[in-house]
Amino acid sequence: MTSTDLPRRTRQREVIETYLGSVDEFQSAQQVYDGLRTAGTPVSLPTVYRTLASMAEGGDLDILSIDGMASYRQCSPHHHHHLTCRSCGRTIELMEGPVEEWAARVAKQYGFTQISHISEVRGTCPKCQAEES
C-alpha cells in the first residue's frame, strides 16, 4: 500500500473514530450522526455515511446488517465473531472456536481453498431478559 492509497485523515474521520471508540454496540449511520450532533459535533449525515463506508472498506470497522440496516463498530483487529443482543445491541467479541474447525472441515469436504467466513450469533442478553420479565 502506498501513501496515496491510505485514507485521508480528516477531522470528520477523527470525530467518527472517537465516537465509535466510546460505544460498545454496533451503530447505524443515523445513530452515529445523532450521537455526534448530541455531542455538538457538526458533521453532515452524507459525510457520516461516506466515512463509515470508507472505514469499513478499509477494515477499520466491522459491519453487520441489523434489522436490514448496516451497523458499524470498532473491533479488535484479530479474527473474531460477534454475539449480539437483538434488543439492546450489546455485542461481545467471540474469539476463535469450534466455528473455525467447522468452516475448515466443510471447505475441505467440498474442495474449497482460501476460505473466509463471517459468523453472527444473536440472542437476548441477561439485562434485556430481566427487563422483559
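Which residue with a positive phi follows α2? In this predicted model, helix α2 is followed by G40, whose phi is positive, near 85°. The surroundings of α2 are described below, after an outline of the chain.

The secondary structure of the chain consists of 5 helices and 6 strands. Along the sequence these elements are arranged in the pattern α-β-α-α-β-β-β-β-α-β-α. Of the 133 residues of the chain, 32% are classed as buried. Taken along the principal axes, the box filled by the C-alpha atoms is roughly 55 × 50 × 20 Å. Where contacts between residues at least 6 apart in sequence are considered, 48% of them join residues at least 24 apart.

Helix α2 spans residues 29-38, and its buried residues are A29, V32, Y33, G35 and L36. Viewed down the axis of α2, these residues fall within an arc of 165°, so they line one face of the helix. The exposed residues R37 and T38 are carried on the face of α2 turned away from this buried side. Packing of the buried residues of α2 involves two other helices, α1 (11-21) and α3 (45-57), together with the strands β1 (27-28) and β3 (69-73).

In general, two packed helices are described by the angle between their axes and the distance between the axes. For α1 and α2 the angle is about 100°, and the axes lie 10 Å apart. This angle makes α1 roughly perpendicular to α2. On the α1 side, the residues that meet α2 are V15, I16, Y19 and L20. Their counterparts in α2 are Q31, V32, G35 and L36.

In soluble globular proteins, nonpolar side chains tend to be buried together. With neighbours within four places in sequence left aside, I16 is in contact with V32, L36, V48, T51, L52 and M55.

The strands β1, β2 and β3 were examined next. An open sheet of 3 strands has the order β1-β3-β2, and the pairing is antiparallel. Strands β1 and β2 (62-66) stand at the edges with a single partner strand each, so one side of each is left without a neighbour in the sheet. The antiparallel pair β1 and β3 is formed over 2 bridges. Within this pair, Q27 has Y72 of β3 as its bridge partner, and S28 stands opposite S71 in β3. Strands β2 and β3, also antiparallel, are joined by 5 bridges. Residue I66 stands opposite M69 in β3. A hairpin is formed by β2 and β3, with 2 residues between them. In its turn, D67 has a positive phi of about 55°.

Beyond this sheet, I118 was considered as a loop residue. Its place is between α4 (98-109) and β6 (120-123). The relative accessible area of I118 is 78%, which is over the 50% cut-off; I118 is therefore exposed. The C-alpha atoms of I118 and H82 are separated by 9.1 Å, whereas the two residues are 36 residues apart along the chain.

Key
Residues are numbered from 1 along each chain as its sequence is written. This is a predicted model: local features need pLDDT of at least 70, side-chain atom pairs count only at pLDDT 80 or more; totals for chains, interfaces and linings use all residues. Side-chain values use heavy atoms; hydrogens and water are left out. Buried means under 20% relative accessible area, exposed over 50%, partly exposed in between (1.4 Å probe, protein chains only). Helices (H or I, at least four residues) and strands (E, at least two) are DSSP runs, numbered from the N terminus. The arc is that of the directions from the helix axis to the C-beta atoms. Contact means heavy atoms within 4.5 Å. Two strands pair if DSSP finds at least two bridges between them. Axes are lines fitted to C-alpha atoms, for helices over the stretch in contact, and angles run from 0 to 180 degrees between N-to-C directions. Angles under 35 degrees count as roughly parallel, over 145 as roughly antiparallel, 65 to 115 as roughly perpendicular and the rest as oblique.
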